[in-house]
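Here is a briefing for a first look at this structure. Keep the sequence and the 3D view open while reading.

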Amino acid sequence: MTVHIAHLYYDLMNLYGESGNVKALKMQLEEQGVKVKIDFLTMQDKIHFSDYDFIYIGMGTEQNQQMVLKHILPYKKEITKAIEQGKFFLITGNAIELFGKSIIANKKMRALNIFHFETKQEQMRIVGEVLATTTLISKPIIGFQNRSGVMKNVKEEPLFIIEKGTGYAPKIVEEGIHKNHFYGTYLIGPILIRNPEFLKYLVKQIIQQKDSKFKFKPFHLTLENKAYQNFIQKYNEKS
Amino acid sequence: MYHILCIILGKVIVLIGKICKRGSSLPGLIVLKLDKHILESFQLPKLVIAVTGSSGKGSISTLIAKILTNQNYTVAHNKVGSNLTPGIVTLLLEHSSLLGKIKTDAIVYEIDERYAKYVFDAITPNYVVISNISRDQPPRQGHFDLVFEEIQKAITPSMHLILNADDPYLQKFALNHHGPITYYSIEKNQYSYTKNKFMNLNLNYCPKCNQKLEYNYYNFENIGDYHCSSCQFQKPKADTIITKIDYTHYKIVIDGTYTIELPHLILYDVYNTLAAFTITSLIGLQKEKICDTLSHIHKNKKLFHVFTYHDRIVTVLNNKNENSSTFNQSLLYVSRYKEEKTIVIGWKEISRRYQFDDLSWLYDIDFELLNKLNVHKFVCVGIHRYDIATRLKYAGIDEKTITVFDTIEESTNYIQQKTKGNIYAILNFDYVEPFQQAMKESDAS
């Protein structure tokens with residue numbers, strides 16, 4: 001079994017440790033005996049979405065996001081099809097804004113229009129720790145936000161329900177977009193490494209989509225779990 | 001008249017502060033409360049040099065102030081850390097007459113990259129050194145493009161910019177600037193490399209036309225000899241150039257002629273030294289004397305320190321948390337040494353400013369540089385020891401070589417008893433002294 005991963009715009013959407021997520025997938029898939037092929041693709045490349053099982057895009061500066069927006073717009077049909085077919089998308093930070101109707105910054109820009117929401121990039125930034133729940137796994141999700149975008153008209157199913165932190169807009173508890181195997185969130189950085197249960201969940205889903213009878217080996221996530229527990233413990237002490 | 005009263009009051013508070021040996025920003029803070037336009041009340045000397053950027057501004061401004069002092073200038077200079085508006089006001093109060101006239105020949109001030117726009121209007125520098133704009137304190141700064149915009153707001157055509165020619169990101173200032181610019185550069189040397197070693201660079205595309213940048217060589221991250229693959233954009237010709245770096249003898253040679261002995265071996269020290277040389281020679285100071293001053297500045301123990309523990313060489317590398325570039329420089333440094341070694345990584349807290357557990361920056365650091373080195377043990381220490389250990393694991397380092405400790409004392413006991421080889425401690429500044437102390441105390445006993 002080989003899992004093909006595309007890390008898109010790795011040299012533009014690389015602001016807050018985004019490369020950690022792909023590292024996590026690669027290592028954990030390989031530990032299950034699965035081959036992993038990663039293509040790092042960007043502005044000079046043509047992207048064949050149908051070639052991949054898993055697409056990753058991370059967070060970038062507002063300026064880099066605009067460069068990427070121009071490049072990704074022609075792929076709307078292919079991306080829509082890939083999401084409908086149940087291909088995996090992990091989209092972190094402001095990369096999620098690419099998938100809405102429009103992004104309003106100093107000007108209004110048309111986005112992929114795959115989901116309903118619109119984004120306005122504010123002058124302030126939403127910064128802070130996040131603790132959230134999800135229906136996908138039992139343990140809470142931990143992470144961090146650092147963004148200027150605020151969404152409105154969100155009609156899609158949220159990925160997370162925020163307990164601490166900010167949802168897709170201030171005073172909103174819903175955060176992220178979940179549709180089929182599209183997992184999009186404003187959380188930044190290596191969220192798969194910081195949330196070993198979520199990593200395990202995704203790895204299992206990816207493999208089972210290819211082989212529903214796959215026999216999983218035990219996952220070795222001791223360090224990751226300790227780091228996670230430390231965060232939870234500190235979080236409980238603080239609150 | 002009110003301004004003058006405020007200045008007099010400010011000077012009294014400075015005096016009281018000195019008697020009580022208290023803080024540096026407080027007088028400025030109080031006076032700013034009384035008169036928010038106080039900065040405009042000072043009459044400046046002919047020479048005003050400002051230094052800003054993500055890192056190095058404290059070191060560079062200190063070097064410039066020392067060089068000037070050694071060439072008979074009287075200098076007003078803010079101490080490291082007092083680099084926000086109140087710190088600048090205090091500095092001016094300390095050095096002004098009762099009427100607000102600055103009594104020194106020159107002002108050299110480091111200014112926080114987000115505060116330049118509040119200060120430059122009134123305390124307008126003739127020269128502005130912008131050291132770099134790197135990934136630094138994301139929860140506070142957002143990101144480097146926002147920092148660039150903040151500094152850009154403060155720059156006017158009357159200011160003479162001093163920039164690192166090797167850093168394409170700083171060229172964004174040059175593209176907008178209508179005043180003079182002087183550049184410095186480190187020529188290709190034995191430590192330059194041609195294949196990029198760092199995954200998460202701030203700028204990969206031409207700031208003029210958005211096409212991919214290409215490199216003849218790199219000195220570090222995206223610092224090197226670059227040009228655009230499409231337009232005319234390229235590394236500008238530098239006015240001051242390091243033509244030789246000799247790390248074994250702790251020496252650099254500028255423009256083929258001027259030799260400076262360096263106490264530090266890290267690239268940022270070399271660039272900081274070069275920046276100070278460039279600005280001071282630009283204003284006409286004697287170059288031999290500049291070299292003399294720079295060569296004799298004592299080792300800053302806090303920045304970088306080497307000592308021995310039994311027969312093992314201990315190298316303590318000072319880093320800034322939430323600033324991946326400082327860690328990357330340390331890793332590049334360590335990766336040059338091939339002998340068996342033990343590597344220590346840790347910190348007491350991520351930030352003194354806030355209590356966030358943002359660890360994303362750990363993944364902007366290329367710990368992958370360590371995974372083919374001859375390392376006996378990796379020692380992760382402090383509150384985020386498991387996060388550090390996890391990061392090392394995903395860099396491809398064998399988990400069996402990684403150990404974790406809660407405290408410096410536990411870690412140094414282990415290092416002394418159970419590990420082999422020279423010791424490289426890659427620490428946030430808050431662990432530098434505790435680590436050195438713990439290592440040295442047990443050496444003495």
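Chain B holds an open sheet of 9 strands, ordered E2-E3-E1-E4-E5-E6-E9-E10-E11, with mixed pairing. E2 and E11 of chain B are the edge strands, each with a single partner, so one side of each has no neighbour in the sheet. From one strand to the next, the twist averages 20°. This is a predicted model, in which local features need pLDDT of at least 70 and side-chain atom pairs count only at pLDDT 80 or more, while totals for chains, interfaces and linings use all residues. Residues are numbered from 1 along each chain as its sequence is written, and chains are lettered from A and ligands numbered from 1 in the order in which they are written.

**Terms**

- Helices (H or I, at least four residues) and strands (E, at least two) are DSSP runs, numbered from the N terminus.
- Two strands pair if DSSP finds at least two bridges between them.
- A residue is buried if 20 or more other C-beta atoms lie within 10 Å of its own, exposed if 12 or fewer, and partly exposed in between; C-beta atoms are placed from the backbone.
- Two residues are in contact if their C-beta atoms, placed from the backbone, lie within 7 Å.

**Strand E3 in the chain B sheet**

- Strand E1 (residues 47–52) of chain B runs parallel to E3(B), joined by 5 bridges.
- B:Val51 has B:Glu110 as its bridge partner in E3(B).
- Strand E2 (residues 75–77) of chain B also runs parallel to E3(B), and 3 bridges join the two.
- B:His77 has B:Val108 as its bridge partner in E3(B).

- Strand E9 (residues 240–246) of chain B pairs with E10(B) in the antiparallel sense, over 4 bridges.
- B:Lys244 stands opposite B:Val253 in E10(B).
- Strands E10 (residues 251–254) and E11 (residues 258–261) of chain B run antiparallel, joined by 4 bridges.
- B:Lys251 has B:Glu261 as its bridge partner in E11(B).
- The hairpin of E10(B) and E11(B) has 3 residues between its strands, and B:Asp255 takes a positive phi near 50° there.

- A nonpolar core is a set of buried Ala, Val, Leu, Ile, Met, Phe, Trp, Tyr and Cys residues joined through C-beta atoms within 7 Å.
- The largest such core has 197 residues, of which B:Ile64 and B:Ala425 touch the most other members.
- H9(B) gives the most to this core, with 9 residues.
- The core draws at least three residues from each of domain 1 (40–296) and domain 2 (304–444) of chain B; domain bounds come from an automatic or database domain assignment.
- Leaving aside neighbours within four places in sequence, B:Ala425 is in contact with B:Val314, B:Val316, B:Leu317, B:Val344 and B:Phe435.
- Helix H9 (residues 267–282) of chain B has 14 of its 16 residues buried, so the helix is largely enclosed by the rest of the structure.
- H9(B) is followed by B:Gly284, whose phi is positive, near 95°.
- B:Leu332 lies in helix H11 (residues 324–334) of chain B.
- B:Leu332 is buried because 20 other C-beta atoms lie within 10 Å.
- Not counting residues up to four places away in sequence, B:Leu332 touches B:Phe220 and B:Leu369.

**Chain A sheet**

- Chain A has an open sheet of 6 strands in the order E2-E1-E3-E4-E12-E11, with mixed pairing.
- The edge strands are E2 (35–41) and E11 (177–179) of chain A, and each pairs on one side only.
- The twist averages 10° from one strand to the next.
- E11(A) pairs with strand E12 (residues 182–185) of chain A in the antiparallel sense, over 3 bridges.
- A:His178 stands opposite A:Tyr183 in E12(A).

**Where the chains meet**

- The contact takes 33 residues from chain A and 25 residues from chain B.
- H6(A) gives the most to the side of chain A that touches chain B, with 7 residues.

Key:
Axes are lines fitted to C-alpha atoms, for helices over the stretch in contact, and angles run from 0 to 180 degrees between N-to-C directions.
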